[in-house]
Every structure is written in structure tokens, then in C-alpha cells.
Amino acid sequence: MTEPILRVENLSLSFVTENGTVPVLHHLSYSLPKGKILAVVGESGSGKTVQALSILKLLAPNARVDSGKVIYRGKNLLACKENTLRNVRGSKIAMIFQDPGSSLNPVLTIGEQLTETLRAHRKMSQEAARKKAAQLLTQVGITEAEKRLTEYPFQFSGGMCQRVMIAMALALDPDILIADEPTTALDVTIQAQILTLIKELQRQNGMSVIFITHNLAVAAQVADEVLVLYAGQCMELAPAPDLFAKPLHPYTQGLLSSLASVTHKAQRLPVIAGTPPRPGEIVKGCPFAPRCTQATTKCFETCPPLFAQKSRQVRCYLQEAQ
């Protein structure tokens, strides 16, 4: 088996606040194969974005890594000094965010923002950087690239701004692209275009992608493998076809059953009763047990480990004897 390009090992993370320490990630582990797309899914507050920011140590000052490693090409990024990380961010591991409008500088032209990255990391001349910037805009489907380089973010639609952000992320030919809810702020038509673009660019460039989303329907369109997060823990990790064909964890089953379907449009959508644990709330057993219709006494007493089952892992006692 090919060595994964990135491994997250036993990652636990907390935030130190005036009211005490708030754990947000609990012993999280996964691997990202080269040239594959891993979707990280879960409700708001499940730890999707925090685990991604941890990879590049882009965390708030009050964040504390309690345990674990992030191994990229044999190097633990969590142990690296800041100057080493600066060489990794953008050039090796790039990240795009869900709100492109707030990620672009409103007082600089699109050309200035693209060429700044290229000149800083690739030591290009102004002319060479501008030519490369135009090529990048064309690559992400923006026409009249030379003209658009002279324009400002407010002259671009939301979908076009997201394409610019993707172009900026691809500028340095990264090994890994982290896409944090990149289609959330876009309408359905533009969302589909951005998803298609990311998949096409991933195939062309041979990148690995961590795609963060709360939308399982979106994950189904892009992912090779899916990691289901709940309350900072991995509930299920499986190849996408297996997970969508037969979800094993009750939480995954609940998420999938709540998706709208054109074939059952007259029926009310099922919901998962209750709410996730509050950040920092101490949960003795399985964090999903209070919302789970299949929970037993054991589920409330001790948290289950991840049970391995062929190519997947499931944190549920229902899989203990499988």
C-alpha cells in the first residue's frame, strides 16, 4: 500500500478559557492517500474546521494541542518551528475558506493578490507572475483573465470570488488542498460548478484534498473516503461508496436519512432528536448515546472504541461482534 501523504495521529486539542479548559478534539486519527479526496462531515461544532486548522497550526492563541501528531512527508508539523511552517503553508498545503468575500483584500486588485503570492514564494518577476496569474484564472474558468486581473473583489460574484480563491490556492502547486465548506455561501447552480471544478483540478494536478462539509449530499459528489465527526470524535471512517450504500453508525444513518429525496417528497424528513454535547461538556459514555434510538446501558457508561471492519472503522458497540 502506498504511504499516505498526510497522517493525523491521536490528535486531541483544547481551548483554554477564563472558565476552564474546553476539549474540542478527542484522539482523532486518519490518513490522506495521495491523489484522493477525503470528506470530513458533521454538524456545526463537531470539530471539522478546528482539525483542519490544526494541520497547519493556524489556531487561536488559546488553543492547546494535548496529544498527537500531524505527519506530512515524514515530518511532524505540530513540532515544526514557524519558519518551517511558513514554507509548508500555501506552497505544500493550501487552504480555501467558505466565505471568499472575507478572504480577499477589498482594496487590492485580483492581480495584485495573485502575483503577491507568486513573487513571494517563487521569486518571479512582475511580468512572469502576472502571466502565471492570468493562466490560473483561465484554469479555474474565468474568462478575459487579463482584464479581470485589474478588477477588485467587489466586481466579482460570489462564485467568481471562490474561483479566485481556488486559483490562489493552486498558484504554488500544493500537494494538499484543504477546502473548508467552499460552497456553503453559493447558490445550488454555482455550488455544482465549484464542486466539478475542484474534482477536475484535483485529477489534473494529482492533489490530495480534505473537503470539509456539513452536507452529505455534497460529500457524495466529491469524496473517495468519508470521515464522520461528532463532538470532536470520529464516529465512522469508510470509503464513500460503502458508507453511502450502507452506513453503520446510527449517527451516519440519521444524517443520511434526513437528506431530501425527490422520490419521497410527500413525506416528512426524519430528524435526529436532541442536540450535540456543548463544547467542554463531560460525557461519560458515547457522546451520541443521548440522541441514539439504539443506545443500550453500556453506551451511557463507556465510550466505545473504533471497531475495524474491513476497510472501515465504526465507533459503536453494535459493531463489536461483527
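This is a predicted model: local features need pLDDT of at least 70, side-chain atom pairs count only at pLDDT 80 or more; totals for chains, interfaces and linings use all residues.
**Entry 1**

I began with the strand order. I read it as β6-β7-β8-β3-β9-β10-β12-β11, an open sheet of 8 strands. The pairing is mixed. At the edges I found β6 (93-96) and β11 (307-309), each of which pairs on one side only. Neighbouring strands are turned by 20° against each other on average, with direction ignored.

**Entry 2: strand β3**

Next I took β3, residues 37-41. I sorted the side chains by direction. I37, A39 and V41 point one way, while L38 and V40 point the other way. Both sets are buried.

I also checked the partners of β3. On β8 I counted 5 bridges, and the two strands run parallel. On β9 I counted 4 bridges, again parallel.

**Entry 3: an antiparallel pair**

β10 (residues 233-239) and β12 (residues 312-314) supply one, pairing over 2 bridges. Here L237 stands opposite Q313 of β12.

**Entry 4: helices on the sheet**

Which strands does α1 lie across? I listed β3, β6, β7 (176-180), β8 (208-213) and β9 (225-230) for this helix, residues 48-55. Helix α1 runs at about 150° to β8. I then turned to α11, residues 250-257, which lies across β9 and β10. The angle of α11 to β9 is about 105°.

**Entry 5: α7 against α8**

Last, I looked at a helix pair. The axes of α7 (residues 158-170) and α8 (residues 188-205) come within 10 Å and cross at roughly 15°. The two helices are therefore roughly parallel to each other, as angles under 35 degrees count as such. I recorded the crossing as right-handed.

Which residues make the contact? From α7 I wrote down G159, Q162, R163, I166 and L170. From α8 I wrote down I190, Q193, I194, L197, I198, L201 and N205.

Methods:
Residues are numbered from 1 along each chain as its sequence is written. Side-chain values use heavy atoms; hydrogens and water are left out. Two strands pair if DSSP finds at least two bridges between them. Axes are lines fitted to C-alpha atoms, for helices over the stretch in contact, and angles run from 0 to 180 degrees between N-to-C directions. Contact means heavy atoms within 4.5 Å. Angles under 35 degrees count as roughly parallel, over 145 as roughly antiparallel, 65 to 115 as roughly perpendicular and the rest as oblique. A crossing is left-handed if the near helix is turned anticlockwise from the far one by less than a right angle, and right-handed if clockwise. Buried means under 20% relative accessible area, exposed over 50%, partly exposed in between (1.4 Å probe, protein chains only).
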